[in-house]
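The sequence and structure are shown first.

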Amino acid sequence: MDTCCPVQRRVSPDQPSTPTFKQELHTLTATTTSKVVSTGKTCLPLFVVTFTYIIQNSKLNVHSISELVKFGRIHRTGGSFGGSRGTCIEQILKKNLPTTSGPTRSPSNMNIGFDQQVKSTFKPGHDGRPKVSPKTLIARYRNGETNAISLLHQLAQTLQFHLEMKETVAPASTTGLYFAFCAVIDGVQYKTGIGVTKKEARLNAAELAFQDLQPTLESLKSALPEASSLDVPAPLPVKEEPAISDSHAHRAMLERKPFVNLQIPHAVRDQLTKLMNSHPEFSGCAVTTAAFLLQTSNGYEVVALGTGNFNTKESISSNGRIVHDSHAVVTARRSLMRFLYRHLLMFFSKNANLTQKSIFQQSSSSSFLSLKSGITLHLYVNQLPKGAAQIPSKLRLNPLSMSAWQVNNEISLHLSVEGKVFSVFSSLLDQSNSKVVSMSTTDKITQWQVLGYQGALLSHFIEPIYVHSILIGDSDCSEIRGMEMSVSQRVEGITSKLPMFYCMMRPHISLVPSAASSHAGGNQLTYGINWSEGDSSLEVVDGLEGKTIEDSPFKSGSALASRLCKAAMMHRFRLVAKEAQRTDLLATSTYREAKMMAKPYQEAKNVLRAYLLQKGFGSWQDKVLVSDNFSM
């Protein structure tokens, strides 16, 4: 949604009202219109830009603003100023209300004052226009009364989200000269639409975005009022947590998220409770929890879950049967990979019913499979990930200044050694040369938002799969700026350098209520659990040992190798290759060979690591003590 951002002006409360303001206003509008048009901001309705200019370049008092509101209402309801952006001018006026002497008023009091002024100015009647609900807007779209672009802009007004139709690059597989656009909603980038004209490309992009938004909008229909006497959009329904103390006021404000966001921690809590009720003896393992959820027309479903906070101690592995990183997000992601393998087997099966139930479909733009239309992936974590995401709030991102790294290296790549995290520039790492190290969880999320969460082996079959939103349920976290900088800003601008199908997917990051307990069981501190949709039971792994514990509800064999280990993944890979009749993949002799055959993925990985190094964030470290040259 195109928005105006006028410069805030402070007006003296003693400034006298202009007696001839109505007359002068018409003259001022006429003389400023040509100046406004010359700025090139023709994407906004003329009256919005004109009044923005007036506000920024005129001295207005309360009376004058009230007259300006009335004038804007008159000209908005007819003539060339007709349109659906009336709220924009009202919001501009609200931001520019003058301050008053005396006790300072809170933002809520300011809102009340403005609301009263609006109510007294905009009397219900032929001047007032009822707010249209999403249900009505969608019905008009389906009846052909409006197009997808208009629908998104109207929804953006009603539901108060930020919409941008952004020009991008057409997929490399596209033959011919095409324009490409994508919808960006609250920072989340949706699928790319192409067309022989920019108008066609925008329209296709809007239609693709609406397809993804439709499940969420369906769930909101019954929760929103059908109409209002004011022309001011109502906020999304919010379930607010009660404030505990003044020190948590900022946290409470940040947690005022749309209802759809709160569905995710609720779904995680329900699934975690179900698993813990079946095995209460392992309830202490859920201190650090991560989960992946699929959003479909039926809502949100947890499909993979993991807990844990450690990576292995000194342990050389040559057979792929040790899990070296058992941090919650890594565990959840490997559980997600198991879920993806399961649905690939369903897709390639000879059973039509199973194929229909698979989340995959044949991509229309490549020989690979892709997620079915309307399915999106989301990540929940109950603790801010270790690494650069935990940078101090005062730090400013300046990757080209090497002196900045000497003082503040928090934004650099980080390594995890037995649960402790160090910058790659830290001299303390010299003491850890004999230990197995892993990149920090934050760095891995950064990588997956570029390469996809499917990994090298699965990329033989499917297009990259990205997370659309990351929700952080950390009760000790008051801001997510470090997470946003680490995951998005460090790799800003890399998309044009990546091979086909790969991109930097900027996720929508937000704070939500916690879905897991923060109290650990003393004897379970190093334990972590894993589960994915379809599993009959959970598995418990000792993070320091990298193996399943004896008392785990699920054990794959006497060797206690975890179902998340590389050898287990290689076994599933070969099963899928057989079902897909990929003889080239079945001919591979080692795990490493199968990974290296995924050439676009490996190219994207090399580009990413070179890009991070070039920007001054440090070198990506491989596990030198871990070998991938094992065979089944």
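## Overall composition

Helices, of at least four residues, and strands, of at least two, are DSSP runs numbered from the N terminus. On this basis, the predicted model has a secondary structure of 20 helices and 16 strands.

The protein has 632 residues, of which 51% are buried. Its accessible surface comes to about 29,300 Å², and carbon and sulfur atoms hold 52% of that area. Among contacts with a separation of 6 or more, 67% join residues 24 or more positions apart.

## Packing of α11 and α17

Helix α11 (residues 328–348) packs with helix α17 (residues 566–579) at an angle of about 15°, the axes being 9 Å apart. Angles under 35 degrees count as roughly parallel, and α11 and α17 are therefore roughly parallel to each other. Their crossing is left-handed.

On the α11 side, the contact is formed by Arg334, Met337, Arg338, Tyr341, Leu344, Leu345 and Phe348; on the α17 side, by Lys566, Met569, Arg572, Phe573, Leu575, Val576 and Glu579. These contact residues comprise 9 nonpolar and 5 charged, with no polar ones.

## Packing of α14 and α20

The axes of helix α14 (residues 441–451) and helix α20 (residues 599–614) cross at roughly 130° and come within 10 Å. Helices α14 and α20 are therefore oblique to each other, and their crossing is right-handed.

From α14, Gln447, Val450 and Leu451 meet Tyr601, Ala604, Lys605, Leu608 and Arg609 of α20. The residues of this contact are divided into 5 nonpolar, 1 polar and 2 charged.

How values were computed. Residues are numbered from 1 along each chain as its sequence is written. This is a predicted model: local features need pLDDT of at least 70, side-chain atom pairs count only at pLDDT 80 or more; totals for chains, interfaces and linings use all residues. Side-chain values use heavy atoms; hydrogens and water are left out. Axes are lines fitted to C-alpha atoms, for helices over the stretch in contact, and angles run from 0 to 180 degrees between N-to-C directions. Angles under 35 degrees count as roughly parallel, over 145 as roughly antiparallel, 65 to 115 as roughly perpendicular and the rest as oblique. A crossing is left-handed if the near helix is turned anticlockwise from the far one by less than a right angle, and right-handed if clockwise. Contact means heavy atoms within 4.5 Å. Ala, Val, Leu, Ile, Met, Phe, Trp, Tyr, Cys and Pro count as nonpolar, Asp, Glu, Lys and Arg as charged, and the others, Gly among them, as polar. Buried means under 20% relative accessible area, exposed over 50%, partly exposed in between (1.4 Å probe, protein chains only). Accessible areas come from the Shrake-Rupley method with a 1.4 Å probe; for residues, only the protein chains shown count as cover.
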